[in-house]
Amino acid sequence: MKNGSYFPGRGTLVEETYLKGKADGWAEGRAEGRAEGRAEGRAEATAEIVLRLLQLRGLPVSAEQQARITTCTDLATLETWHERALRIDRAEDLFADAPATEKTPRTDD
């Protein structure tokens, strides 16, 4: 006799194990999907804030720069741009490795 059953709902060990694995997989998938959705939402919101801040400061932003900001999905990069947007004088400086206004002299003496 076989351990499995062709009829769902009979409560065999194989069926119970399968259903538990399926439920665990769905729960894990939902959690990953929520986390990804939150990260995407935070990135989009931060990109909008960067653009709005540049606009409020009266700094012209080219279509290329706007596209670069809105398509960025790296939250750390967007947060860096957000901080820079408070201090820069030109939108181009947003993307520099270390804009002149962001450099701070280091004194180890």
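Guide: Accessible areas come from the Shrake-Rupley method with a 1.4 Å probe, and for residues only the protein chains shown count as cover. The model is predicted: local features need pLDDT of at least 70, side-chain atom pairs count only at pLDDT 80 or more, and totals for chains, interfaces and linings use all residues. Residues are numbered from 1 along each chain as its sequence is written, and side-chain values use heavy atoms, with hydrogens and water left out.

Visitor: Which pattern does the protein follow along the sequence?

Guide: Helices (H or I, at least four residues) and strands (E, at least two) are DSSP runs, numbered from the N terminus. The protein has three helices and zero strands. Read along the sequence, the pattern is therefore α-α-α.

Visitor: What percentage of the residues count as buried?

Guide: Buried means under 20% relative accessible area, exposed over 50%, and partly exposed in between (1.4 Å probe, protein chains only). The protein has 109 residues, and the share that count as buried is 22%.

Visitor: Which helices are included in what covers the buried residues of helix 3?

Guide: Helix 3 spans residues 75-85, and its buried residues are Leu75, Leu78, Trp81, Arg84 and Ala85. The cover over these buried residues includes helix 1 and helix 2 (63-71).

Visitor: Is Thr46 buried or exposed?

Guide: Thr46 lies in helix 1. Contact means heavy atoms within 4.5 Å, and, not counting residues up to four places away in sequence, Thr46 touches Leu75, Leu78 and Glu79. The relative accessible area of Thr46 is 14%. Because buried means under 20%, Thr46 is buried.

Visitor: How far apart in space are Thr46 and His82?

Guide: In sequence, Thr46 and His82 are 36 residues apart. From C-alpha to C-alpha, their separation in space is 7.3 Å.

Visitor: What percentage of the contacts with a separation of 6 or more comes from residues 24 or more positions apart?

Guide: The count takes the contacts in the protein with a separation of 6 or more. Within that set, the share from residues 24 or more positions apart is 49%.

Visitor: With which residue does Arg42 form a salt bridge?

Guide: Side chains of opposite charge can pair when their charged atoms come close. A salt bridge is a side-chain nitrogen of Lys or Arg within 4 Å of a carboxyl oxygen of Asp or Glu. For Arg42, the closest N and O atoms of the bridge are 3.6 Å apart, and the partner is Glu79. The pair links distant parts of the chain, 37 residues apart, with Arg42 in helix 1 and Glu79 in helix 3.

Visitor: Which residues are linked in a network of salt bridges?

Guide: A search of the whole structure finds three salt bridges. The side chains of Glu92 and Arg90 meet at 3.3 Å, N to O, and Arg90 also forms a salt bridge with Asp93, the closest N and O atoms being 2.8 Å apart. Asp93 is buried at a relative accessible area of 18%, whereas Arg90 is partly exposed at 45%. The network links Arg90, Glu92 and Asp93.

Visitor: Which residues form the negative surface patch?

Guide: Patches are made of residues with over 30% relative accessible area and no salt bridge; like charges are joined within 9 Å, and nonpolar side chains (Val, Leu, Ile, Met, Phe, Trp, Tyr) within 5 Å. Lys and Arg count as positive and Asp and Glu as negative, while His and the chain ends are not counted; the place of a charge is taken as NZ of Lys, CZ of Arg, CG of Asp or CD of Glu. Glu48, in helix 1 (residues 13-56), is exposed, with a relative accessible area of 57%. The negative patch is formed by Glu28, Glu32, Glu36, Glu40, Glu44 and Glu48.

Visitor: Which residues does Arg57 contact, leaving aside its neighbours within four places in sequence?

Guide: Arg57 lies in the loop between helix 1 and helix 2 and is partly exposed, with a relative accessible area of 34%. Its C-alpha atom is separated by 9.0 Å from that of Asp89, 32 residues apart along the chain. Beyond the excluded neighbours, Arg57 is in contact with Ala85, Leu86, Arg87, Ile88 and Asp89.
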